[in-house]
Amino acid sequence: MRAHRTPRIPPRLLPRLVVLFLLPLLTTLSGTLIAPGHAHADVPARHAPAVTSLHAPPPAPEEPCTSKDAAVCLIRQMTPEEREQAREVRLRYHQLLDTMERVADRMHEEGRSDEEIARVLVDMRNEAKDITRAGMTPEAVQALEERNMKKYGNPLGPTADQQFAKYGSWAKVIEASTRTSAAVDQELGIPPRA
């Protein structure tokens, strides 16, 4: 009889597994743990309902989308119920970005380099996208991934190196890592992040 061995988890997968296992807890405790903006104590916390599925019906041929953002066009095709579900998913994504800001603050306090912080935040942001997409239909995920593949060559979004090439400094990559698309936020009735 062979002894049961616990499989070893590769170190590069540990952050993702931690996020996946802690997400339900963070969501449950979001009113207490997830603070908005830069975690100011005098600003009330954002609350997001649970993620539900998201489905985009085919576009109406008589109403072409004029937005340059494919995600905005996708939202405009949704029913009111689907828009509300998309808004809930987006709010959860904002909560995960709030957590990222706190991680960046902690890493700054620890004396970590801007490059190290930027690389961690870009990975966290892409993981946050992956996590929030778990509540969407395969069709909605496919549309978002196709957009990112065209734009970045990566279904989840840009890499840290692509961001550095775009912004020219790791400090600017850090700033950009917690920004969202103002057009998508506006379309869903959510204040955009600065």
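Residues are numbered from 1 along each chain as its sequence is written. In this predicted model, local features need pLDDT of at least 70, side-chain atom pairs count only at pLDDT 80 or more, and totals for chains, interfaces and linings use all residues, while side-chain values use heavy atoms, with hydrogens and water left out.

Confidence is given as pLDDT, the predictor's confidence in each residue, from 0 to 100. The protein has a mean pLDDT of 74. A value of 70 or more is reached by 67% of its residues. Residues 1-61 have pLDDT below 50. Beyond near neighbours in sequence, this stretch has 86 contacts in the model, a contact being heavy atoms within 4.5 Å. Where pLDDT is low, the predicted coordinates should not be read in detail.

Nonpolar cores were considered next. Such a core is a set of buried Ala, Val, Leu, Ile, Met, Phe, Trp, Tyr and Cys residues joined through side-chain atoms within 4.5 Å. Buried means under 20% relative accessible area, exposed over 50%, and partly exposed in between (1.4 Å probe, protein chains only). The largest nonpolar core has 18 residues. Ile 117 and Leu 121 have the most contacts inside it. Helices H4 (80-109), H5 (114-133) and H8 (170-177) each give two or more residues to this core. Helices (H or I, at least four residues) and strands (E, at least two) are DSSP runs, numbered from the N terminus. A second, separate core has 15 residues, including Leu 74, Val 89, Val 141 and Ile 190. Not counting residues up to four places away in sequence, Ile 117 touches Ala 104, Met 107, His 108, Arg 112 and Ile 174.

Helix H8 has five named buried positions: Trp 170, Val 173, Ile 174, Ala 176 and Ser 177. They lie on the same side of H8, because they cover an arc of only 170° around the axis. The arc is that of the directions from the helix axis to the C-beta atoms. These buried residues pack against H4, H5 and helix H7 (160-167). Val 173 counts as buried because its relative accessibility is 0%. Its C-alpha atom is separated by 8.1 Å from that of Val 122, 51 residues apart along the chain.

Glu 187 belongs to helix H9 (residues 182-187). Glu 187 is buried, with a relative accessible area of 19%. Its side chain joins that of Arg 76 through a polar contact of 3.3 Å. A polar contact is a pair of N or O atoms within 3.5 Å; within protein, one must be able to donate a hydrogen and the other to accept it, and residues adjacent in sequence count only if both atoms are side-chain atoms.
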